[in-house]
Every structure is written in C-alpha cells, then in structure tokens.
Number of protein chains: 2
Amino acid sequence: MNETNLCPRLAKAMDLIGKRWTGLILYQLLDGPQRFNEIESALPVSGRLLSERLKELEKEGLVERRVYSEVPVRVEYSLTDKGRALEGAIRNIESWATSWL
Amino acid sequence: MNETNLCPRLAKAMDLIGKRWTGLILYQLLDGPQRFNEIESALPVSGRLLSERLKELEKEGLVERRVYSEVPVRVEYSLTDKGRALEGAIRNIESWATSWL
DNA sequence: GTAACTTATTTACTTATCGTAATTTATTTA
DNA sequence: TAAATAAATTACGATAAGTAAATAAGTTAC
C-alpha cells in the first residue's frame with residue numbers, strides 16, 4: 001500500500017459505494033422512505049450490518065433517519081438530495097446488470 | 001439474513017462493484033491497458049489484493065490479462081467490452097463525487 | 001401489576017476478508 | 001553465481017462480516 005495521487009473525492013465515493021450492502025441499500029431506498037424491517041426483509045442483509053450501514057450513510061448525509069413515536073416505535077429511512085443524486089449511477093449499474101449478467 | 005426476491009443480476013453486479021477496490025481498479029483501467037505495477041502504483045491497494053481482484057474480474061469477463069514474454073515478464077490488464085460497458089456508471093459516480101463530496 | 005408483544009438496535013461470538021511484509025518464480029545481466 | 005526485475009503467492013496478525021441471542025421502550029392482555 002502506497003501513496004498515490006488519486007482524487008480523494010473519487011476514492012471516498014468508491015469507498016462508500018464499494019462497501020458491502022451500501023449499493024443495495026441505496027437502491028432499495030430509491031423506492032421511497034422505508035422502515036428498518038422493510039429494508040431488512042427486502043435485502044439479504046442482517047440487522048446488525050443494516051444498522052451499521054444506515055448509520056454510516058446517515059453520517060455521510062446520504063440518508064435521513066426519522067423516528068415516529070408510535071407503538072411500537074417506527075423508524076423510517078429515506079434518501080437525502082445527496083443520496084438521491086446517486087440514482088443515475090445506481091440505475092446505470094442496474095441496466096449494466098440486465099445487459100451483461 | 002433472509003430470502004428475498006431481489007433481482008439476482010443486480011445483486012451480483014452490486015457484489016462485484018461493491019467489493020473493495022474493484023471500482024477503482026476498473027476506473028484506472030478506463031485509461032487503457034496497464035501492467036500490474038502501474039495499477040498498483042496508481043491505487044492505494046496492495047499487490048496481494050490487486051492480484052486477487054484482477055483474477056476475479058478476469059473470471060467474470062470484465063478484464064483481460066495478456067502476458068508478454070519479455071525480460072522481465074510484462075503482464076498487461078485491459079477492459080473487455082463487458083468491463084468497458086461499466087464506464088457510464090463509473091463516470092456517474094465520479095461526477096457525483098465532484099458535486100457532493 | 002406483571003407478563004407478553006412489537007420494532008429497532010446492540011452484544012457476543014465465530015468465520016471470512018484485509019493489510020503488511022517476506023518469499024517465490026522465471027529470466028537476464030553483472 | 002549473485003543481483004536484479006516483474007508478477008504473483010504465502011504467512012500471519014488485524015479488521016470486518018455473519019448468526020443468533022439480548023436489550024430497550026412502550027402497549028396491550030391477563
């Protein structure tokens with residue numbers, strides 16, 4: 001591992017997207033706000049990692065977390081503008097997948 | 001972890017792209033064929049993982065490996081059509097990175 | 001009043017993957 | 001025969017992921 005002159009923003013973007021489950025979580029949220037269990041049921045990801053990833057994405061400002069004090073509590077996750085701005089990239093991967101896989 | 005009705009092609013695409021370093025390796029190869037050490041120098045990835053990732057990408061048909069029996073040996077990696085078809089997605093991530101990071 | 005239920009999250013523990021550095025292979029030159 | 005070079009592999013400690021059980025906070029059932 002060495003020093004490079006790689007664009008740090010691209011490196012960070014790839015580090016985000018290139019983290020396991022992140023792409024699929026964002027893809028899932030393109031359908032609109034969803035609660036924790038919905039996402040967990042839609043994807044083959046465990047609650048442990050889903051929680052961890054959502055926390056990272058929230059910290060990076062791609063995802064917003066909203067708590068509804070109902071019974072039992074409801075927590076909804078949705079994309080921010082920054083997160084939704086990745087839709088093009090994700091759709092691109094989606095169409096590549098249908099063409100080439 | 002559970003059973004889902006997630007599109008298996010998208011899942012596979014995300015699994016490929018979403019593997020550490022894969023995105024940056026493909027991005028690097030968009031500049032044209034490059035030898036092992038060039039890629040290793042351009043990215044903060046160790047030889048151990050670069051070798052592993054290139055092998056995976058070759059197996060999936062995104063990257064082609066060509067050996068030149070010179071002294072010392074030269075090995076060049078380049079994108080296949082299938083690999084180059086991801087350029088749009090990668091460029092999309094790149095422009096997102098410059099806009100939002 | 002307390003026992004059971006629900007959703008979101010966390011903890012504990014095992015297994016898999018990563019990062020670093022040294023080693024190997026094959027071939028040529030000093 | 002020792003050194004050099006490029007590509008790849010190996011060994012091993014460190015980090016991250018997978019699985020299942022536990023926790024928190026509030027509500028309803030008994």
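Which residue stands opposite Arg74(A) in S3(A)? Tyr68(A) does. Keep that pair in mind, and also keep in mind that what we're looking at today is a predicted model.

Okay, let's start with chain A and its strand S3, which covers residues 74-79. How many of its residues are buried? The count is 6 of 6, so to speak, and S3(A) is described as mostly covered. Now, here's a handy bit of background: in a regular strand, side chains alternate between the two faces of the sheet. With that in mind, look at S3(A) one face at a time. On one side you have Arg74(A), Glu76(A) and Ser78(A), and on the other you have Val75(A), Tyr77(A) and Leu79(A). Both sets are buried, which leaves both faces of S3(A) covered.

Who are the partners of S3(A)? One is strand S2(A), residues 63-68, and the two run antiparallel with 6 bridges between them. A hairpin of 5 residues links S2(A) to S3(A). That's where our opening pair belongs: Tyr68(A) sits opposite Arg74(A). Another partner is strand S1(A), residues 34-35, again antiparallel, over 2 bridges. There, Gln34(A) has Tyr77(A) as its bridge partner in S3(A).

Now hop over to chain B. Its sheet is an open one of 3 strands, in the order S1-S3-S2, with antiparallel pairing. Why is one side of S1(B) and of S2(B) left without a neighbour in the sheet? Because S1 (34-35) and S2 (63-68) of chain B stand at the edges, and each has a single partner strand. S1(B) pairs with S3(B) over 2 bridges, in the antiparallel sense, and Gln34(B) has Tyr77(B) as its bridge partner in S3(B).

What packs on that sheet? Helix H2(B), residues 22-29, does, touching S1, S2 and S3 of chain B. Its direction makes about 95 degrees with that of S3(B). H2(B) is mostly covered too, with 8 of its 8 residues buried. Among them are Leu24(B), Ile25(B), Leu26(B) and Leu29(B), along with Thr22(B) and Gln28(B).

Let me zoom in on one residue, Glu76(B), which lies in strand S3 of chain B. Its side chain makes a polar contact with the side chain of Arg74(B), at 2.9 Å. Leaving out residues up to four places away in sequence, Glu76(B) touches a whole list of others, including Pro33(B), Gln34(B), Glu64(B), Arg66(B) and Tyr68(B).

A polar side-chain atom of Asn37(B) is 2.7 Å from a phosphate oxygen of DNA strand D. Zooming back out, the elements giving two or more residues to the surface near DNA strand D are H4 (47-59) of chain A, plus H3 (36-42), H4 (47-59) and S3 (74-79) of chain B. By class, that surface has 9 nonpolar, 4 polar and 8 charged residues.

That's my tour, thanks!

How values were computed. Residues numbered from 1 in each chain as written. Chains lettered and ligands numbered in written order. Predicted model: local features only at pLDDT ≥ 70, side-chain atom pairs only at ≥ 80, totals over all residues. Heavy atoms only, no water. Buried < 20%, exposed > 50% of the residue type's maximum accessible area, 1.4 Å probe, protein only. Helix = DSSP H or I, 4+ residues; strand = E, 2+ residues; numbered from the N terminus. Pairing = 2+ DSSP bridges. Polar contact = N/O pair within 3.5 Å; in protein donor to acceptor, adjacent residues only side chain to side chain. Nonpolar A, V, L, I, M, F, W, Y, C, P; charged D, E, K, R; others polar. Contact = heavy atoms within 4.5 Å. Axes fitted to C-alpha atoms, helices over the stretch in contact; angles between N-to-C directions.
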